[in-house]
4 protein chains.
Amino acid sequence: MKPTSDTPRHSEYRLRRRVHFYEADPAGIVHFSWFSRYMEEAEHALWREAGLSIAPLASDIAFPRVAMTFDFRRPLRFEDEFMVHIRIAAIGRASMRYTCVVSRDGQEVAIGSLTIACVRRAEDASMQAVPIPDDIRARFEVADEAGA
Amino acid sequence: MKPTSDTPRHSEYRLRRRVHFYEADPAGIVHFSWFSRYMEEAEHALWREAGLSIAPLASDIAFPRVAMTFDFRRPLRFEDEFMVHIRIAAIGRASMRYTCVVSRDGQEVAIGSLTIACVRRAEDASMQAVPIPDDIRARFEVADEAGA
Amino acid sequence: MKPTSDTPRHSEYRLRRRVHFYEADPAGIVHFSWFSRYMEEAEHALWREAGLSIAPLASDIAFPRVAMTFDFRRPLRFEDEFMVHIRIAAIGRASMRYTCVVSRDGQEVAIGSLTIACVRRAEDASMQAVPIPDDIRARFEVADEAGA
Amino acid sequence: MKPTSDTPRHSEYRLRRRVHFYEADPAGIVHFSWFSRYMEEAEHALWREAGLSIAPLASDIAFPRVAMTFDFRRPLRFEDEFMVHIRIAAIGRASMRYTCVVSRDGQEVAIGSLTIACVRRAEDASMQAVPIPDDIRARFEVADEAGA
């Protein structure tokens with residue numbers, strides 16, 4: 001499906017999620033490594049809402065992660081319901097940056113950011129930075145409220 | 001490196017391991033999903049000792065898992081040191097079966113089994129069962145003491 | 001909330017799920033270790049539907065896993081939608097057994113089973129088998145169609 | 001074991017590690033969520049070398065993670081051997097900060113940082129910031145070469 005000038009552009013996604021037992025650690029709280037996965041789940045849901053898969057089965061274009069940050073404010077526990085709100089903060093020639101807020105009952109749990117690059121994978125599995133293809137770029141825009 | 005009639009055959013491997021914090025759950029014990037990973041770590045170490053990778057970068061032959069069992073006897077906790085002893089129980093035309101004992105201080109923690117198939121992956125990502133290639137088969141043999 | 005003779009009993013749960021990127025491996029398919037997690041997610045959803053948490057914050061009763069099996073028939077890939085159908089196959093004095101079918105588009109992907117025990121945890125973190133408490137037992141029953 | 005003025009202080013740790021199959025994703029490279037786990041594995045090894053466990057079985061003192069960053073430079077693949085070099089960058093009254101370099105064959109793969117807080121857990125599972133206990137503080141010092 002080719003995007004046209006009328007194609008709606010997507011800039012954010014709110015993912016509702018519940019903590020699985022295996023995501024919590026012996027301290028009884030979600031292990032911090034899971035927040036990068038929560039953020040990515042929301043990112044991929046944003047791409048699906050935009051009519052895209054971030055990793056189609058037969059594609060030589062890929063979007064490896066190049067930077068990530070997270071600040072943790074409150075713990076999440078088994079069976080807690082929470083929200084992952086991801087927003088596009090910047091779209092560059094060959095990269096995108098997201099900001100992300102994880103919250104529970106309206107209270108901030110964690111704040112993160114993620115930068116991804118656009119690359120072409122060669123036969124030998126090496127990667128080279130390339131511009132984001134136009135039919136992908138045309139579906140996204142920077143969110144109004146997203147801080148840089 | 002082609003195997004010859006003198007190539008030693010491998011039938012078992014003992015992997016020493018320590019429990020990572022993120023492997024234990026809110027009950028303070030290793031989440032049961034990790035045992036299948038421990039068993040696979042030992043399997044891949046067995047293949048490396050036999051001079052092989054179970055998943056070389058450019059290969060259309062793969063070894064998907066087709067069956068697994070585990071009985072859990074005792075818990076493992078954060079920083080526990082344990083042993084994963086994997087043995088080849090059967091080698092078929094297009095499949096292999098392992099048995100596995102996880103222990104700590106000589107006491108059985110868990111007992112598992114794993115059956116893998118040999119497949120060829122087509123361009124469209126579909127898989128078809130094929131005989132285990134001779135140069136792989138030549139490096140393995142059934143362990144003496146492994147129960148069927 | 002105490003169960004009464006009118007409390008509906010629960011025997012099965014159908015969980016709808018989508019494959020996350022981090023659940024698939026370099027072969028492009030869901031790593032087999034995830035199926036035990038999918039099964040447990042469905043189990044915990046069954047308990048929630050019955051008005052229970054399988055691991056309340058302050059409880060000395062716990063339900064460790066004592067046995068698991070899985071047969072794998074077809075692969076799952078990134079973004080596949082699938083169903084996890086868990087059913088209670090047996091309820092003993094101090095244990096329960098589930099069977100589980102994972103399917104996609106009506107086709108069987110994997111078939112599993114899980115046995116859990118009921119234990120009391122002592123101060124020193126040791127566990128002792130105890131009968132399933134009545135207020136938990138009263139909420140469950142064996143599913144009609146579940147094979148032993 | 002009480003530390004004395006002669007107790008050696010620890011400031012860094014080098015962890016050697018190999019990529020497990022289940023750590024790599026459909027792009028064939030280690031999923032970025034694993035780097036926070038690699039960093040934590042090295043941190044816990046540093047604490048063990050200092051004669052400590054970061055999470056003893058019966059302790060009301062805990063060290064939750066409050067901030068994390070990672071920049072990713074090169075991919076890691078299945079069976080790659082790599083090094084995780086963690087260094088203490090700062091020790092505060094109630095927090096510590098680490099920097100971390102992941103490398104393979106001398107080439108930088110990823111650069112991270114991690115800040116942890118010292119808290120006391122109450123009966124109700126709430127956490128309150130407290131000073132790092134003296135017998136823990138006495139075992140660590142800031143690494144010479146660690147940038148702030």
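This is a predicted model: local features need pLDDT of at least 70, side-chain atom pairs count only at pLDDT 80 or more; totals for chains, interfaces and linings use all residues.
Residues are numbered from 1 along each chain as its sequence is written, and chains are lettered from A and ligands numbered from 1 in the order in which they are written.

**View 1. Chain A as a whole.**
Let us start with one chain: chain A has two helices and eight strands. Here helices (H or I, at least four residues) and strands (E, at least two) are DSSP runs, numbered from the N terminus. Read from the N terminus, the order of elements is β-α-β-β-β-β-β-β-β-α. The C-alpha trace of chain A spans about 45 × 40 × 25 Å along its principal axes. A compact globule of 148 residues would have a radius of gyration near 15 Å, and the 16 Å of chain A agrees with that. That radius is taken over C-alpha atoms, and the globule rule is 2.2 Å times the number of residues to the power 0.38. Of the 148 residues, 36% count as buried. A residue is buried if 20 or more other C-beta atoms lie within 10 Å of its own, exposed if 12 or fewer, and partly exposed in between, with C-beta atoms placed from the backbone. Among contacts in chain A between residues at least 6 apart in sequence, 69% join residues at least 24 apart; two residues are in contact if their C-beta atoms, placed from the backbone, lie within 7 Å.

**View 2. Arg37(A) and its surroundings.**
Is Arg37(A) buried or partly exposed? Arg37(A) is partly exposed, as 18 other C-beta atoms lie within 10 Å. Leaving aside residues up to four places away in sequence, Arg37(A) touches Tyr22(C) and Ser33(D). The C-alpha atoms of Arg37(A) and Ala50(A) are separated by 20 Å, and these residues are 13 apart along the chain.

**View 3. Helix H1 of chain C.**
Now look at H1(C), with 17 residues. At 1.5 Å a residue, H1(C) should span 24 Å, and its end C-alpha atoms are 25 Å apart, which agrees. The expected span is 1.5 Å times one less than the number of residues in the helix. H1(C) is mostly covered, with 13 of its 17 residues buried. After the helix comes Gly51(C), whose phi is positive, near 85 degrees.

**View 4. Where chain C meets chain B.**
Here 19 residues of chain C are in contact with 19 residues of chain B. On the chain C side, helix H1 (33-49) and strand E3 (65-72) are the elements that give two or more residues. E3(C) gives the most, with eight residues. This side divides into twelve nonpolar, four polar and three charged residues. Ala, Val, Leu, Ile, Met, Phe, Trp, Tyr, Cys and Pro count as nonpolar, Asp, Glu, Lys and Arg as charged, and the others, Gly among them, as polar.

**View 5. Strand E3 of chain B beside strand E3 of chain C.**
Five bridges join E3 (residues 65-72) of chain B to E3(C), and the two strands run antiparallel. Strands pair if DSSP finds at least two bridges between them. Ala67(B) has Asp71(C) as its bridge partner in E3(C). Chain C can be laid on chain B with an RMSD of 0.0 Å by a turn of 180 degrees and a shift of 0.0 Å along the axis. Copies are superposed by least squares on the C-alpha atoms of residues with pLDDT of at least 70 in both. Thr69(C) is the residue of chain C that comes closest to the rotation axis, at 2.1 Å (C-alpha).

**View 6. Where chain B meets chain D.**
Eleven residues of chain B are in contact with eleven residues of chain D. The chain B side has four nonpolar, three polar and four charged residues. Why do the copies meet through the same surface? The copies do so because 100% of the interface residues of chain B are also interface residues in chain D.
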